[in-house]
Amino acid sequence: RFVDEDRDFDRLRKSFNTNVGIEWFVNETSSITNSFFYRNSDNESTNRTISNRYADSRDALTNASARFDDETEDDVTYQYSLNYVKDFSDDGHKLMFDFQIEDSSEDEFSNIIDTDTFPTEEVTDREQVRTIEDQGELLLQTDYVWPIDEDTQLEAGFRGIYKDTRTDYTVAALGENGMFIRNDSLSNILNYGENVTAVYSQFGK
C-alpha cells in the first residue's frame, strides 16, 4: 500500500507596531521616563493537504482525499512603562523604580473541511476551532545602590511579576441540521495565574 501526500501552505502576515516615549527631568538628579507600545497584527493562512492512497502499485488508486484548513489570527497588545531614576551622588548612589503593565488579546479561528475526492466526491467532515486568549501582566521593580566607600557597596532590590491568562478553546463540528455544534468533550476554558515576588540584597567589601 502506498500513500502520496502533498501539502501547500500560503501565509499572509500584516502587522503595525508603534512605540512612543517621553523623558521628564524633574530636577538635576531625578528623571521620569514614560513610554507606550502598541502592536496590531492580522495573520491569514491557507493549508491544503492532498492524500492519494494506492493498493499494491501507484497505478491502482483506491482512495483520494483533501483537507482544507483556513486560519485567521488577530493579535492586539498594549503596554505602558514608567521608569524613575534618582541619583543621590555622582559615585553611583542611586534609586531606580520600574513599573510596566501590559494587556494583550489573541483571537485565532480555523475552518477545517475534509473531503473525499475519489472514488466519490463528498464532504466527510467539517469542523471549526476557535481560541481566544486574554493576558494581563504587571511588573514592579525597585533597585537601590549605595557605594558606602571606595571598597564597600550595598545593593538591595525588589521584583514582582504578576500574570493572569484566560484561554477559551472551542471545537464545533457540523451537525446533521447544518449547524455547528460545540463539542464539550474537547472544548475548555483555562485560567492561569502566576505571581512571582523576589527581594535581594548584597553587601560587598
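The side chains of Ser-81 and Gln-100 are joined by a polar contact of 3.2 Å, where a polar contact is a pair of N or O atoms within 3.5 Å, of which, within protein, one must be able to donate a hydrogen and the other to accept it, and residues adjacent in sequence count only if both atoms are side-chain atoms. This is a predicted model, in which local features need pLDDT of at least 70 and side-chain atom pairs count only at pLDDT 80 or more, while totals for chains, interfaces and linings use all residues. Residues are numbered from 1 along each chain as its sequence is written, and side-chain values use heavy atoms, with hydrogens and water left out.

Ser-81 itself is placed in strand β3, strands being DSSP runs of E with at least two residues and helices runs of H or I with at least four, numbered from the N terminus. With a relative accessible area of 14%, Ser-81 is buried, a label that means under 20%, whereas exposed means over 50% and partly exposed lies in between (1.4 Å probe, protein chains only). Leaving aside residues up to four places away in sequence, Ser-81 touches Thr-33, Asn-34, Ser-35, Phe-99 and Gln-100, a contact meaning heavy atoms within 4.5 Å.

Ser-51 belongs to strand β2, residues 30-54, and counts as buried at 7% relative accessibility. Its side chain makes a polar contact of 3.4 Å with the side chain of Glu-5, and Glu-5 is also among the residues that Ser-51 touches, together with Asp-4, Asn-63, Ala-64 and Ser-65, when residues up to four places away in sequence are not counted.

Turning to the rings, the structure holds four aromatic pairs, for which rings of Phe, Tyr and Trp (its six-membered ring) must have centres within 6.5 Å, with planes under 30 degrees apart counted as stacked, over 60 as edge-to-face and the rest as tilted. The rings of Phe-88 and Tyr-144 have centres 6.4 Å apart and planes at 75°, and the pair is therefore edge-to-face. This pair links distant parts of the chain, since Phe-88 sits in the loop between β3 (61-87) and β4 (94-118) and Tyr-144 in strand β5 (residues 122-147), 56 residues apart. Phe-88 is partly exposed at 42% relative accessibility, and Tyr-144 is partly exposed with a relative accessible area of 25%. Elsewhere, ring pairs link Phe-16, Tyr-38 and Tyr-78 into a cluster.

Most peptide bonds are trans. Between Phe-118 and Pro-119, however, the peptide bond is cis, with omega about 5°, and Pro-119 is found in the loop between β4 and β5.

Seen as a whole, the chain has zero helices and eight strands. Its radius of gyration, taken over C-alpha atoms, is 28 Å, well over the 17 Å that the globule rule gives for 205 residues, so the chain is more spread out than a compact globule; that rule is 2.2 Å times the number of residues to the power 0.38. Along its principal axes the C-alpha trace spans about 85 × 40 × 30 Å. Buried residues make up 24% of the 205 residues. As for confidence, the mean pLDDT (the predictor's confidence in each residue, from 0 to 100) is 94 for the chain, and 100% of its residues reach 70 or more.
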